[in-house]
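Hello,

Here is the structure I promised to hand over. Have a look at it first, and then read on for what turned up in it.

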Amino acid sequence: MEYRGKDLFRRVGIPTPRGTFAATPADVRAFIAANPGSWVLKSQVMMGGRGKAGGIRFADDAAQGEALAGELIGKVLRNIQNPAGEEVKALLVEEKVAIASEAYLSITVDRAKKSPVIMVTAQGGMDVEEVAADHPDAIAYYWIDAAAGYSPYMARQLAFDAKLPTGFHKAFPKIVGALYELFMKYGANLVEINPLVLTKDGSVIASDAKVDLDDNGLYKHPDIAAWNTAAPADEDQAAGVAIGLGMSNYAKLDGTIGVIANGAGLGMGTMDAIRTAGGAAANFLDIGGGAQAELVRKSYSLVVGDPRVKALFVNIFGGITRGDQVARGIVDARAGHDLREVPLVVRLTGTNAQEGREILAAAGYAPVETMDEGAARAVALAQGTN
Ligand code: GDP
Ligand code: MN
């Protein structure tokens, strides 16, 4: 949400309007009474396009602030991007700035070019989608070589290409640099300032903030990971999250072969191999990167706990995930008394695969060599022909 994004902006030195977070109309009233002036009440929801959806209002005194806050809190904001709507639970109350010009600035990953790209247009604000559709040439791009990093000349080039009003020019390189620092340091998919405002008194300030971080990097920033209070959407997500997996690392399917793999790509490849061998996966479970024995043990229990699972295929291509940790987790799980006996097939390659194989061998278990071999074994075991 915007107020979280602005928290991150301040950490890297991007100027934002002063303000406060408010959860009730009484909070808004008290804040404006103590800080007389003109304020913007901004609905704190995940969806964009709040301005057009009626989620941004202006208040000139405490009574008006309280009344508008009462209208906003509890209101369901809707637009084409979010037809189901989202209820407003809290507001950001920010100093209303006098706008001379609204620009747009964002950084995202250009997957095709495998590089971060900075995007700028002088026509920022609420109609930026139309600008992108009708005047694509009004958007300036700069692809950054991630190894070489950011230099201020890039922002000067962008300001020139996008024809930013000269009032932006002095502050712009530092803001772009700070946004790039944020993008890299916190592992973002997207950072966006729309509008980046040039005020009538000549300062440049981030009036809005959008930051989309890659969940896979969040473990490096536990304070930010704790912001994520999104509730699991279904039982499978909840079961995965309960053992320490990410929201989308575990899903039940309708076959009979349990699948545990590291990485979503390998997980999907494993399901394909099972399909090719004439079977079907009972689930998809991605232990992620660098899983320790304890997570492997819990994942094993989760999958085997599903009564439809007739055989289990653990397919690990070790990188940061270590074969010995995986093997230890499997052996620990099988030593547990509360689990059903389910035929097991393991394929283990990469980091510490040899150590892992020794741990499995000591427990009386021999892994298979290849994914296809493992898939065929698992299908045969699930059908009870082997
Ligand atoms: P969004 O619609 O969800 O992207 O919300 P924004 O934070 O971008 O606000 C929408 C629009 O409200 C902006 O494009 C501005 O036109 C207007 N707005 C927001 N804050 C201010 C402010 O401090 N002063 C003025 N004059 N307009 C503002
Ligand atoms: Mn905006």
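In this predicted model, a polar side-chain atom of Asp208 lies 3.0 Å from an oxygen atom of ligand 1, which makes a polar contact (a pair of N or O atoms within 3.5 Å; within protein, one must be able to donate a hydrogen and the other to accept it, and residues adjacent in sequence count only if both atoms are side-chain atoms). Backbone atoms reach ligand oxygens as well: an N or O atom of Asn194 at 3.1 Å, and one of Gly49 at 3.4 Å. The protein covers 86% of the 560 Å² of accessible area that ligand 1 has on its own; such areas come from the Shrake-Rupley method with a 1.4 Å probe, and for residues only the protein chains shown count as cover.

How many residues surround ligand 1? There are 18, and the closest are Lys42, Arg50, Gly51, Val97 and Glu102. A residue is near a molecule or strand if one of its heavy atoms lies within 4 Å of it. Strand 2, strand 3, strand 7 (99-110) and strand 10 (188-199) each supply at least two residues of this shell. Helices (H or I, at least four residues) and strands (E, at least two) are DSSP runs, numbered from the N terminus.

Some notes on how to read the numbers: residues are numbered from 1 along each chain as its sequence is written, while chains are lettered from A and ligands numbered from 1 in the order in which they are written. Local features need pLDDT of at least 70, side-chain atom pairs count only at pLDDT 80 or more, totals for chains, interfaces and linings use all residues, and side-chain values use heavy atoms, with hydrogens and water left out.

Two backbone details deserve a look. Most residues other than glycine have a negative phi, and most peptide bonds are trans. Yet a cis peptide bond, with omega about 10 degrees, joins Asn194 and Pro195, and Pro195 sits in strand 10. Lys163 is not a glycine but has a positive phi of about 55 degrees; you will find Lys163 in the loop between helix 5 (152-161) and helix 6 (166-169).

In one, 4 strands form an open sheet in the order 1-6-2-3, with antiparallel pairing; two strands pair if DSSP finds at least two bridges between them. At the edges are strand 1 (19-22) and strand 3 (56-59), each pairing on one side only. Strand 2 (residues 39-43) is joined to strand 3 by 4 bridges, and Lys42 has Ile56 as its bridge partner in strand 3. Helix 3 (residues 62-72) packs on this sheet, touching strand 2, strand 3 and strand 6; contact means heavy atoms within 4.5 Å. The direction of helix 3 makes about 165 degrees with that of strand 3, where axes are lines fitted to C-alpha atoms (for helices over the stretch in contact) and angles run from 0 to 180 degrees between N-to-C directions.

Another open sheet has 5 strands in the order 13-15-14-16-17, and its pairing is mixed. Its edge strands are strand 13 (250-252) and strand 17 (344-350). Strand 14 (residues 257-261) and strand 16 (residues 311-318) run parallel, joined by 5 bridges, and Ile257 stands opposite Ala311 in strand 16.

Enjoy exploring!
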